[in-house]
Amino acid sequence: MIFLDSSTNLTIQLSATVATNQARCYASWRDTKTGELTPGFTSTDTNNTTVVNLVPAPASPYTRGIDFVTVHNDDTASITVTIKVGSRILYIVTLAVDENLQWTNSNGFVVISSAGTVKTSVNQIAGAADSGFSIVVLASDVTNNNAVANTIADVTGLSFAMTANKLYDFEFNCIYTAAATTTGSRWAVNASAGTAANLSMTSEYSLTTTTTTRNALIQAFDSPAASNASSAATGNNLATMKGVIRATAGGTLIARFASEVASSAIVCKAGSFVKYRQIN
């Protein structure tokens with residue numbers, strides 16, 4: 001358990017100014033002195049790089065025992081959080097969008113992914129990679145039936161936020177339909193800021209009932225430049241884009257697609273998803 005006396009606070013601080021929203025924090029605790037126990041809680045938000053009392057010190061002569069702490073990243077980009085007791089650092093962690101940092105007496109500090117799973121370290125060396133993926137699921141269908149063939153467009157809603165200079169492992173899985181099997185497509189990624197200097201990706205998507213189009217070692221946004229010539233079926237096709245990127249600027253990485261035939265719809269279906277994790 002974490003205990004505070006009348007001169008010690010449990011604090012939270014961000015490493016940088018948020019892009020949009022402050023992190024939301026909650027803690028429950030109990031104050032004790034001889035023959036008395038008083039429960040309580042604190043609900044607060046971070047304030048960029050300013051130190052905020054996550055749990056303030058109790059009044060003398062009480063001792064404050066902390067039972068539960070949670071910090072939710074409500075921002076549109078990753079944040080780095082430092083938790084301290086007084087001047088001593090307890091924990092430093094980077095939280096992706098919609099991730100939670102939680103502390104309990106039984107489990108200590110854990111990070112909960114946006115999918116609700118506990119993220120764990122895959123090794124014990126300095127800078128250990130994180131094995132927990134965050135997942136974004138496409139909420140509704142997105143259609144590309146542009147009047148100009150091979151015009152690429154965003155799969156709006158199928159993206160994730162990146163922090164500058166951080167390395168990400170990602171995999172987009174796009175379930176799609178085609179207006180006809182004679183309508184091909186192309187699938188790619190792009191970023192809202194920065195360049196593709198540190199992108200390395202492979203894409204693969206439907207061509208015929210027995211073959212696929214595979215593009216290896218893609219190192220440019222909106223690549224490949226041309227659509228393939230067909231789709232295996234009018235329904236239940238799959239496109240995957242899998243790779244790594246070290247973001248050259250903060251922003252979002254988003255799936256993109258095009259139809260080979262003018263005004264012939266390729267539809268990325270609701271339920272398509274991207275899973276991603278920050279490596280370092």
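Tutor: Accessible areas come from the Shrake-Rupley method with a 1.4 Å probe, and for residues only the protein chains shown count as cover. On that basis the accessible surface of the protein comes to about 12600 Å², of which 51% belongs to carbon and sulfur atoms. The model is predicted: local features need pLDDT of at least 70, side-chain atom pairs count only at pLDDT 80 or more, and totals for chains, interfaces and linings use all residues. Residues are numbered from 1 along each chain as its sequence is written, and side-chain values use heavy atoms, with hydrogens and water left out.

Student: What makes up the secondary structure of the protein?

Tutor: Helices (H or I, at least four residues) and strands (E, at least two) are DSSP runs, numbered from the N terminus. By that rule the protein has zero helices and 22 strands. Its C-alpha trace spans about 80 × 30 × 30 Å along the principal axes.

Student: Why is threonine 70 called buried?

Tutor: Buried means under 20% relative accessible area, exposed means over 50%, and partly exposed lies in between (1.4 Å probe, protein chains only). Threonine 70 has a relative accessible area of 13%, so the residue is buried. Its place is in strand β6 (residues 63–72). Across the protein, buried residues make up 45% of the 280 residues.

Student: Which residues is threonine 70 in contact with, leaving aside its neighbours within four places in sequence?

Tutor: Contact means heavy atoms within 4.5 Å. With those neighbours left aside, threonine 70 is in contact with Arg24, Cys25, Tyr26, Asn100, Leu101 and Gln102. In the whole protein, residues 24 or more positions apart account for 72% of the contacts with a separation of 6 or more.

Student: How do you know that β6 and β9 are paired?

Tutor: Two strands pair if DSSP finds at least two bridges between them. Five bridges join β6 to β9, and the two run antiparallel. Histidine 72 stands opposite asparagine 100 in β9. Strand β9 (residues 100–104) is mostly covered, as four of its five residues are buried.

Student: What makes asparagine 144 a residue with polar contacts?

Tutor: A polar contact is a pair of N or O atoms within 3.5 Å; within protein, one must be able to donate a hydrogen and the other to accept it, and residues adjacent in sequence count only if both atoms are side-chain atoms. The side chain of asparagine 144 reaches the backbone nitrogen of asparagine 146 at 3.2 Å. A polar atom of that side chain also lies 2.9 Å from the backbone oxygen of threonine 151. Asparagine 144 has a relative accessible area of 5%, and is therefore buried; it is found in strand β13 (residues 142–144).

Student: Why is one side of β14 and of β16 left without a neighbour in the sheet?

Tutor: Three strands form an open sheet in the order β14-β20-β16, with antiparallel pairing. β14 (153–162) and β16 (185–191) stand at the edges and each has a single partner strand, so one side of each lacks a neighbour in the sheet. β16 pairs with strand β20 (residues 251–259) over seven bridges, and valine 189 stands opposite alanine 255 in β20.

Student: What makes a set of residues a nonpolar core?

Tutor: A nonpolar core is a set of buried Ala, Val, Leu, Ile, Met, Phe, Trp, Tyr and Cys residues joined through side-chain atoms within 4.5 Å. The largest such core has 36 residues, of which Phe170, Phe172, Trp187 and Leu253 touch the most other members. The largest share of this core, six residues, comes from β15. A second, separate core of 26 residues includes Leu14, Val52, Ile83 and Leu95.

Student: Is glycine 243 buried or exposed?

Tutor: Its relative accessible area is 10%, so glycine 243 is buried. Glycine 243 lies in strand β19 (residues 237–246). Glycine 243 and threonine 202 are 41 residues apart in sequence and 6.2 Å apart in space, C-alpha to C-alpha.
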